[in-house]
There are 2 protein chains.
Amino acid sequence: MSIRVGVFGYGNLGRGVLLALRACEDLETVAVFTRRDPATVDPVISGVPVYHADRVVEFVGRIDVMILCGGSATDLPVQTPALAEHFHVVDSFDTHARIPEHYDRVDAAARAAGKVGIISVGWDPGLFSLNRLYAGAVLPDGRDYTFWGKGVSQGHSDAIRRVKGVLDGKQYTIPVEAALDAVRSGEEPTLTTREKHLRECFVVAKEGADLAAIEQEIKSMPNYFADYDTTVHFITKEELARNHSGIPHGGFVIRSGRTGLNGENRHLIEYRLKLDSNPEFTASVLVAYARAAYRLAADGAVGCKTVLDVPPALLSPMSPEELRKALL
Amino acid sequence: MSIRVGVFGYGNLGRGVLLALRACEDLETVAVFTRRDPATVDPVISGVPVYHADRVVEFVGRIDVMILCGGSATDLPVQTPALAEHFHVVDSFDTHARIPEHYDRVDAAARAAGKVGIISVGWDPGLFSLNRLYAGAVLPDGRDYTFWGKGVSQGHSDAIRRVKGVLDGKQYTIPVEAALDAVRSGEEPTLTTREKHLRECFVVAKEGADLAAIEQEIKSMPNYFADYDTTVHFITKEELARNHSGIPHGGFVIRSGRTGLNGENRHLIEYRLKLDSNPEFTASVLVAYARAAYRLAADGAVGCKTVLDVPPALLSPMSPEELRKALL
């Protein structure tokens with residue numbers, strides 16, 4: 001019997017979830033839910049029914065796990081607890097500072113309803129969190145570093161677009177190779193914000209705009225760019241469309257640590273992601289955890305979980321016996 | 001209250017376990033057990049009592065988790081099930097083909113006694129297995145590759161030492177950079193044994209030995225060297241001691257996969273270990289899983305587990321709340 005999955009929200013992430021579900025034989029896509037007019041939504045997988053979000057409760061008993069594809073700012077804080085009253089839920093809540101609070105709300109709702117919720121699923125938070133945990137548990141005497149990129153930052157791209165005279169723009173976060181090498185050396189360097197990442201901006205200016213003023217405003221923007229070495233390239237609308245339409249991302253979690261009687265042996269654990277499509281990869285992680293949510297519930301679990309709580313074997317379609325034989 | 005740990009077997013691995021236990025405040029080292037005369041064993045951490053292995057049952061009720069540090073060929077198949085009758089147990093059983101059988105024996109013994117056993121803990125099997133699982137679950141349309149090294153292979157070093165005219169020797173397994181790059185390209189290459197790894201041998205010959213004959217015999221040795229590009233360096237006993245006394249190891253688990261409507265987006269997940277001391281790192285993994293074994297048992301679990309079954313959070317000394325706040 002396959003696990004019946006609903007997709008709540010249909011942007012880049014929801015689209016990626018439909019594609020990821022197609023790749024899993026044991027998961028069945030029941031429906032997409034949207035706050036827009038369903039007639040205006042054309043799902044990437046043809047034949048998947050689309051309903052208005054208001055109708056989601058009609059699917060109680062017909063959907064096992066709901067994958068939430070809304071944003072962390074305003075959607076998920078409301079939607080995940082609300083839907084956990086009716087379904088097992090999985091979300092990608094990624095506002096790091098507010099995770100404890102989100103956890104508590106989802107936990108209360110899911111427990112009251114006898115459901116399982118897995119929050120903050122994706123790659124950071126998500127797979128990167130797992131790697132920080134495993135590496136730290138194995139090498140307690142050490143230090144870990146997270147680098148992001150090369151990849152598109154949506155927040156920084158939005159910030160560029162708000163600058164006067166800017167028509168469109170895209171920002172790449174790029175880890176500094178020298179910083180990566182310093183970390184890999186095992187010297188446990190202390191690195192400033194500027195030493196860890198570069199910011200590269202591709203900007204389409206409006207006709208007649210003051211390019212020098214735009215560049216200056218971007219480079220001096222507090223929080224977003226002022227603390228970084230930032231480069232600004234002015235390009236045409238066509239170049240932006242041709243060369244910068246993708247949503248790549250990735251990064252590194254590296255822990256260096258020491259063992260031995262006097263810390264004489266050094267060890268390096270490095271985890272790297274290089275992703276052509278940030279939303280499609282995040283969606284693929286969500287789908288694996290949808291499988292796990294269903295299985296956790298089948299084992300009698302209730303309440304909120306994170307990737308840190310989920311036994312890895314529950315993510316795979318393979319049986320425990322197959323996994324032991326094939327992967328150990 | 002700290003978790004009371006015993007160490008069964010005292011070679012390089014047992015030594016590493018004592019060092020790793022010292023780095024964990026929540027774990028207490030109760031005793032080392034050896035089949036040798038305890039008076040001849042001088043533990044790396046002074047003050048740790050050493051007992052003969054025959055006396056281990058006297059410690060029922062005084063030791064929560066026993067970490068087994070024997071070999072996979074003959075020690076662990078007997079010792080792990082036997083000790084699981086009295087203690088929670090953790091071992092590093094690494095004979096891949098025999099893991100299912102070992103699992104069944106440990107499971108039966110641990111279940112009968114109400115104990116938890118975690119087998120095949122270390123980095124391969126262990127952390128590498130976890131990475132194969134996570135990466136495969138997230139990118140079902142893909143392929144994974146494991147590379148080992150640069151590192152010392154005990155089995156291959158032993159094989160060199162059995163060659164006529166050889167006094168001593170050490171063998172390094174080295175991943176081929178071109179193969180790593182081919183895998184990272186996302187092309188999912190099919191690689192032969194020879195294309196993936198090199199073997200480099202440092203050999204001390206006996207006086208008057210036929211060096212050409214030694215080199216020829218090593219390079220043509222079936223299973224061990226014949227399928228690889230092997231280089232043989234003759235060095236002095238002093239050089240071997242000075243430059244090749246370490247036990248470094250490591251390797252890579254890389255999965256490349258595709259998502260998208262037509263597999264148009266490529267993703268790469270790369271996990272790398274670079275270890276100065278193979279036994280000390282393996283020991284550090286064993287100790288983290290000893291903590292998990294105790295906690296699993298406290299949660300009511302019984303029977304045999306592998307790293308694939310253990311919720312990651314159980315490995316860390318931090319509480320679930322701290323972990324969510326610090327690592328997610």
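**Figure 1. The crossing of helices α2(A) and α3(A) is right-handed.** The model shown here and in the other views is predicted. Helix α2 of chain A spans residues 75-83 and helix α3 of chain A spans residues 99-113; the two pack at an angle of about 20°, and their axes are 8 Å apart. That angle makes α2(A) roughly parallel to α3(A). On the α2(A) side, the residues that meet the partner helix are A:Leu76, A:Pro77, A:Thr80 and A:Pro81. On the α3(A) side they are A:His102, A:Arg105, A:Val106 and A:Ala109.

**Figure 2. Helix α4 of chain A packs against helix α4 of chain B.** In each chain, α4 covers residues 127-138. The angle between the two helices is about 175°, with the axes 13 Å apart. α4(A) and α4(B) are therefore roughly antiparallel to each other. From α4(A), the residues A:Leu127, A:Leu130, A:Asn131, A:Tyr134 and A:Val138 take part; they meet B:Leu127, B:Leu130, B:Asn131, B:Tyr134 and B:Val138 of α4(B).

**Figure 3. Chain B can be laid on chain A by a turn of 180°.** The shift along the axis is 0.0 Å, and the RMSD of the superposition is 0.0 Å. That is the relation of a two-fold axis. Of the interface residues of chain B, 100% are also interface residues in chain A, so the copies meet through the same surface.

**Figure 4. Strand β12 of chain B pairs with β7(B) and with β13(B).** Strand β12(B) runs from residue 249 to 259, and ten of its eleven residues are buried, so this strand is largely enclosed by the rest of the structure. Its pairing with strand β7 (residues 142-148) of chain B is antiparallel and has seven bridges. Within that pairing, B:Phe252 of β12(B) is the bridge partner of B:Phe147. Strand β13 (residues 265-275) of chain B also pairs with β12(B) in the antiparallel sense, over eleven bridges. Here B:Ile254 stands opposite B:Glu270 in β13(B). The hairpin of β12(B) and β13(B) has five residues between the strands, and in this hairpin B:Gly260 takes a positive phi near 110°.

**Figure 5. An open sheet of four strands in chain B has the order β8-β9-β10-β11.** The pairing in this sheet is mixed. Strands β8 (151-152) and β11 (229-234) of chain B are the edge strands, each pairing on one side only. Strands β9 (residues 166-175) and β10 (residues 197-205) of chain B run antiparallel and are joined by nine bridges. B:Gly169 stands opposite B:Val203 in β10(B). Helix α8 (residues 211-219) of chain B packs on the sheet and touches β9, β10 and β11 of chain B. The direction of α8(B) makes about 150° with that of β11(B). Helix α5 (residues 154-161) of chain B lies across β8, β9 and β10 of chain B, and runs at about 145° to β9(B).

**Figure 6. A:His244 lies in a loop of chain A.** The loop is between α9 (237-243) and β12 (249-259). A:His244 has 10% relative accessibility and therefore counts as buried, the cut-off being under 20%. Leaving aside neighbours within four places in sequence, A:His244 is in contact with A:Lys170, A:Tyr172, A:Phe202, A:Ile235 and A:Glu239.

How values were computed
Residues are numbered from 1 along each chain as its sequence is written. Chains are lettered from A and ligands numbered from 1 in the order in which they are written. This is a predicted model: local features need pLDDT of at least 70, side-chain atom pairs count only at pLDDT 80 or more; totals for chains, interfaces and linings use all residues. Side-chain values use heavy atoms; hydrogens and water are left out. Copies are superposed by least squares on the C-alpha atoms of residues with pLDDT of at least 70 in both. Contact means heavy atoms within 4.5 Å. Buried means under 20% relative accessible area, exposed over 50%, partly exposed in between (1.4 Å probe, protein chains only). Two strands pair if DSSP finds at least two bridges between them. Axes are lines fitted to C-alpha atoms, for helices over the stretch in contact, and angles run from 0 to 180 degrees between N-to-C directions. Angles under 35 degrees count as roughly parallel, over 145 as roughly antiparallel, 65 to 115 as roughly perpendicular and the rest as oblique. A crossing is left-handed if the near helix is turned anticlockwise from the far one by less than a right angle, and right-handed if clockwise.
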